[in-house]
Amino acid sequence: MMTAIRIEFLKWFQTMKVTWSEVFVYRFNFLLMVIGPMLVLFFIKYNVWSSIYQGASGQEINGYTFEEMVSYHLWFMIVSMLSMAYSGQDLAEDIRLGRISSYLIYPINFWQFNTARFLSIECIQVGIVLITLSTTYLGFSHILGEFNPSAFFAGFAISFLVGVFWFTIQYTTGLLAFWFEETWTFRVLFQIIAHFLSGAIIPLDFYPSWLVAILDYSPFPTLAYVPVKIFLGSYTELWKAAFTLLFWIIISAGIAAWVWKRGLKLYTAAGM
Amino acid sequence: MIKATGLTKRFKNYKKPPGFFASLKSLFYRHYETNDAVSSFDVQIEPGEIVGLLGPNGAGKTTLMKMFTGIITPSEGQLEVLGYVPAKRDRLFRKQIALVMGQKSQLWWDIPAMDSFQLLQRYYEIENAAFQTRISELAHLLEAEDFLHVHVRKLSLGERMKVELMACLLHEPKLIFLDEPTIGLDLIAQKNIRDFLRQYHQQTRTTIVLTSHYMADVEALCARIILILDGKKGFDGPIGEFETLLGHEKNVSFLFSQQQDPTDSLWQKYDAQWNIDYTEVDLRLPEEKLREVCANILQHYPVTEFSTEKMPIERVMKTVMSNPKLIK
């Protein structure tokens with residue numbers, strides 16, 4: 001039994017190692033991976049909110065001071081770094097161009113291969129996040145707020161679950177390449193909707209209460225607003241968030257398995 | 001080893017006329033056509049054989065390979081490979097087969113071949129000691145020691161094919177599928193790959209199914225040929241009998257001291273193949289007319305050299321491909 005587990009572990013771990021090797025081949029790409037999110041935060045979100053607060057008469061908007069707003073977006077950046085690094089773009093291209101044939105021959109399942117890749121990217125992102133947070137704490141600790149270890153670890157755990165959810169979504173939309181030439185539209189569409197409804201652009205406190213009540217039945221608040229609040233130490237329903245995410249992960253993984261089974265029947269291994 | 005009965009694969013495609021308006025129209029209406037890429041195909045391949053699948057582009061060779069390996073699902077018919085149904089993609093089945101695609105790399109592009117081998121070692125559950133021995137043996141046989149640690153994208157086509165072969169042989173598969181393994185390679189590299197495959201087969205008696213457009217590959221490696229035309233089997237038998245597809249004919253070459261008139265009726269009767277300055281010709285002569293025609297040419301034309309041989313497989317293929325009705 002232990003041997004079987006060890007063999008399985010080695011398969012996953014070696015796949016992760018190969019993914020790391022691939023990521024580190026292109027040094028400039030890797031550098032962009034590290035500093036890209038920070039640049040986006042600074043040049044776009046910081047400047048936009050700075051202008052909004054300059055135009056506002058009071059010190060607060062909907063209960064948020066400027067510093068609190070920047071803190072909210074900084075923590076959202078951390079959540080997104082931990083949860084949205086995997087892209088289904090390559091997967092869709094591999095299907096369209098018939099490149100998944102190798103994975104149908106190797107004795108490892110396609111979902112296992114991609115999940116191992118997701119986990120390896122997730123590990124890199126954890127490293128990048130720790131570096132980003134350490135440097136930010138050194139210079140701008142007042143924006144991040146006081147370090148709260150339990151909130152910090154809870155935030156990481158929930159962000160990982162958000163990452164698993166995004167992975168299943170990316171994987172499923174990537175698999176749509178069995179039917180569609182281009183699948184990025186599905187991904188972008190879902191991302192835009194999720195950005196609006198998850199609190200990634202504006203905190204959900206700004207939304208009408210009836211809409212927030214409806215969103216409570218969807219996975220969206222747990223994708224941005226909830227993990228940010230957990231990091232900030234102001235959200236206590238940790239288990240509710242975890243179970244909500246697990247529920248939606250199971251649903252989307254089930255859909256992915258169904259799509260794979262159906263799609264594979266249409267696969268022609270073009271170009272071989 | 002492989003047993004197929006009534007194997008059929010149907011593809012549904014839509015045809016779109018050229019132009020913008022046709023593209024616009026295709027948003028609302030599409031004319032679909034269903035084609036049989038492989039139709040009612042029966043075949044049995046025994047352990048230890050090397051079988052060459054031959055046929056023109058689009059004949060169905062690769063579609064057959066894809067069905068044998070479980071990459072695509074047959075539309076109809078029964079198929080059993082190593083006692084498994086390939087389309088079910090049982091993990092034990094996948095551990096016993098290998099596929100090399102000459103036109104598609106199966107190794108990870110951005111990392112050295114050795115990293116890919118280590119990954120495959122884990123997938124195929126090969127012990128470390130056995131893996132190291134296997135790598136040394138294969139690298140030595142293929143003279144690949146120098147580039148195992150170079151990124152795959154930086155390898156030449158010949159080097160890449162060597163590491164592709166290494167990757168597919170690491171787990172000592174019982175059944176190997178080679179789809180155009182020498183495509184695009186220079187003559188030396190082609191010969192190296194052929195020699196390696198012949199030697200490997202002699203040592204291991206592994207079953208190999210090969211497709212290639214290079215007749216030299218087929219002649220050097222395959223004892224048995226299966227010809228596929230329009231998805232159907234045109235010939236299945238020993239390579240020595242392949243030439244009998246065209247009846248009992250001989251290939252005779254004549255070299256002349258001066259240019260000849262290719263419109264002469266004598267040449268046209270025997271499927272003459274001329275060189276560019278019409279000083280050399282290859283004729284396809286029925287065995288019973290061999291003496292008579294040769295004597296006539298030697299007597300009436302300025303022949304400086306002539307030779308006769310069995311019909312080269314390449315010539316048979318060309319003839320069959322340009323006139324498939326010959327064997328229908």
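Predicted model: local features only at pLDDT ≥ 70, side-chain atom pairs only at ≥ 80, totals over all residues.
1. Is α2(A) buried or in the open? The number of buried residues among its 29 is one, so the helix lies largely in the open.

2. A:T3 belongs to helix α1 of chain A. It has 8 C-beta neighbours inside 10 Å, and the cut-off for exposed is 12 or fewer, so A:T3 counts as exposed. For a sense of scale, A:T3 and A:Q89 are 86 residues apart in sequence, and their C-alpha atoms are 35 Å apart in space.

3. Now the contact between the chains, to which chain A brings 22 residues and chain B brings 29 residues. Which elements of chain A give two or more residues to the side that touches chain B? They are α1 (2-25) and α5 (101-105). The biggest giver is α1(A), with nine residues. By class, this side of chain A has twelve nonpolar, seven polar and three charged residues.

4. Over in chain B, three strands form an open sheet in the order β2-β1-β4, with antiparallel pairing. The edges are taken by β2 (31-45) and β4 (76-81); each has a single partner strand, so one side of each has no neighbour in the sheet. On average, neighbouring strands here are turned by 30° against each other, direction ignored.

5. Within that sheet, β1 (residues 2-15) and β4 of chain B pair in the antiparallel sense over five bridges. If you want a pair to click on, B:K3 has B:E80 in β4(B) as its bridge partner.

6. Strand β3 of chain B, residues 50-54, is a contrast to α2(A) in cover: five of the five residues of β3(B) are buried, while the number buried in α2(A) is one of 29. In a regular strand, side chains alternate between the two faces of the sheet. Both faces of β3(B) are covered, with B:I50, B:G52 and B:L54 buried on one side and B:V51 and B:L53 buried on the other.

7. What does β3(B) pair with? Strand β7 of chain B (residues 207-211) runs parallel to β3(B) and is joined to it by four bridges. Strand β8 of chain B (residues 224-229) is also parallel to β3(B), again with four bridges. B:V51 shows up in both pairings: its bridge partner in β7(B) is B:V209, and in β8(B) it stands opposite B:R224.

8. Last, B:A98, which sits in strand β5 (residues 97-101) of chain B. Leaving out residues up to four places away in sequence, B:A98 touches B:C168, B:L169, B:P173 and B:I176. By C-alpha atoms, B:A98 and B:P74 are 19 Å apart in space, and they are 24 residues apart in sequence.

Note on methods
Residues numbered from 1 in each chain as written. Chains lettered and ligands numbered in written order. Buried ≥ 20, exposed ≤ 12 C-beta atoms within 10 Å, placed from the backbone. Contact = placed C-beta atoms within 7 Å. Nonpolar A, V, L, I, M, F, W, Y, C, P; charged D, E, K, R; others polar. Pairing = 2+ DSSP bridges. Axes fitted to C-alpha atoms, helices over the stretch in contact; angles between N-to-C directions.
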